[in-house]
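Reader: I've got a model open and would like to talk through some of its helices. Can we go through it together?

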Amino acid sequence: MPAYPERLQALLDVFAGVTDTHERTQLLIDFARRFKEVPPDVATRPFDETHLVKHCESEAYAWAVPNPDGTLKLHFAVENPSGVSAKALAAILDKALSGLPAADIATVDPEIVEKLFRQNISMGKGMGLMSMVLMVQALAKRHL
Amino acid sequence: MTAIADRGYRHPDRLVSTDWVAAHTGDPNVRIIESNEDTLLYATGHVPGAVHVDWTSDLNDQLRRDYIEREGFQALMARIGVTPDTTVVFYGDKNNWWACYAFWVFQLFGHTKAHVMDGGRLKWQKEGRGWSTDTPAYPPTAYTAPARDDARHRILRDEVLQFQKSGGQFVDVRSPEEYAGTRMHMPEYPNEGAIRGGHIPGAKSVPWARAINPDDGTFRSAAELTALYVDQNGLDGASDIVAYCRIGERSSHTWFALTYLLGFEKVRNYDGSWTEWGNLVGVPIEK
């Protein structure tokens, strides 16, 4: 059992307590609605291809920008307007991990996707979402 | 885009327009069904009155790699309030990719009163039509379905092997990279869940989305589809054709276009597709 950063673990605990499919869907959609796109001072279109999340059909991009205190702030863009799941995961990763040191963010593994989405996932989409986590992990490792 | 009736399709009635759907949202004889890749999408807003059918949890057997059997289909029909006389209309995201997949599964049970809304979510959205977040509830129905019949629209592994050996026509609807097998070699890229990359020998590469006008998700005209499948890729509509992709979802979209829009009569979908062929021991592969 990986030791996740405290904020992420708290979120995973909330999701673990939601067994009703409809409630889980609504919870994920609430996160998607709170998604904020990467600000122009970090990145503008056309986005740098090195920030593109591979195998994500929603054409998601991710950035990890150092804060003055040495922690990281995560940013995302999701080009597919129907990419609700990608937006939900981006908002969750931002809420749970932004403001943490790179070493903590680098511990996050793709297993959290299953914990968050459960039945709201398909094979192809699952791989795309897991790739988003891997991208965040890789970005964090660059700052170690 | 020209009206559906003016595009030269062999079976134009299989497509319905967004106007038609908008005029039938309250029709008790019509059930509008949304099927998406992103299972969260329906809950964010859907065509008023539409029900959600999820290809993973509703259409697939949850234990074996197969589709639901008669009992599962009957239970699904009861849940969404459909009788054998109900006209069902599918639509969804990704240019109706998943809508066509659901449509195809319904055909395995012989529910022929089935249509696809041309353009899917994209066109409905672009036309500024409203979305509803209300989840409708319809009185459960008693639906007596026949046993699932795979013979007409589906082809399974052993038959695919024979078909390949006999030089049958395949259309590979995956991306050019998947067809070429190069995607297997990209670092950090999740592969197709297959041991080998490439394609079934002799298969023509026609990515599924080429059948679509990307601006509004509508199907291309019969003349354009003929140019694509027949003139450019040499498919013979009078002979058997097998379409495949990764798990049979994208290829159900091509199956729909070939079967109903061009009127090819012997098109089958190989849902085992590359996740089966690319893992089978000893079968031939081309790169």
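Reader: Which residue with a positive phi follows α5(B)?

Author: Keep in mind that this is a predicted model. α5(B) covers residues 97-108 of chain B. After the helix comes a residue whose phi is positive, near 70°, and that residue is Gly110(B).

Reader: How are α5(B) and α10(B) oriented to each other, roughly parallel or roughly perpendicular?

Author: Their axes come within 7 Å and cross at roughly 70°. Angles from 65 to 115 degrees count as roughly perpendicular. The two helices are therefore roughly perpendicular.

Reader: And how many charged residues are in the contact of α5(B) with α10(B)?

Author: On the α5(B) side, the residues include Tyr101(B) and Trp104(B), and they meet a set in α10(B) that includes Arg250(B), His253(B) and Phe256(B). Besides 8 nonpolar and 3 polar residues, the number of charged ones in this contact is 1.

Reader: Over in chain A, what is the handedness of the crossing of α1(A) and α3(A)?

Author: The axes of α1(A) and α3(A) come within 7 Å and cross at roughly 135°, so the helices are oblique to each other. Residues of α1(A) such as Leu8(A) and Phe15(A) are in the set that meets α3(A), where Ile92(A) is one of the partners. As for the hand, α1(A) passes α3(A) in a crossing that is right-handed.

Terms used: Residues numbered from 1 in each chain as written. Chains lettered and ligands numbered in written order. Predicted model: local features only at pLDDT ≥ 70, side-chain atom pairs only at ≥ 80, totals over all residues. Heavy atoms only, no water. Helix = DSSP H or I, 4+ residues; strand = E, 2+ residues; numbered from the N terminus. Expected span 1.5 Å × (residues − 1). Axes fitted to C-alpha atoms, helices over the stretch in contact; angles between N-to-C directions. Parallel < 35°, antiparallel > 145°, perpendicular 65-115°, else oblique. Contact = heavy atoms within 4.5 Å. Nonpolar A, V, L, I, M, F, W, Y, C, P; charged D, E, K, R; others polar. Left-handed = near helix turned anticlockwise from the far one by under 90°.
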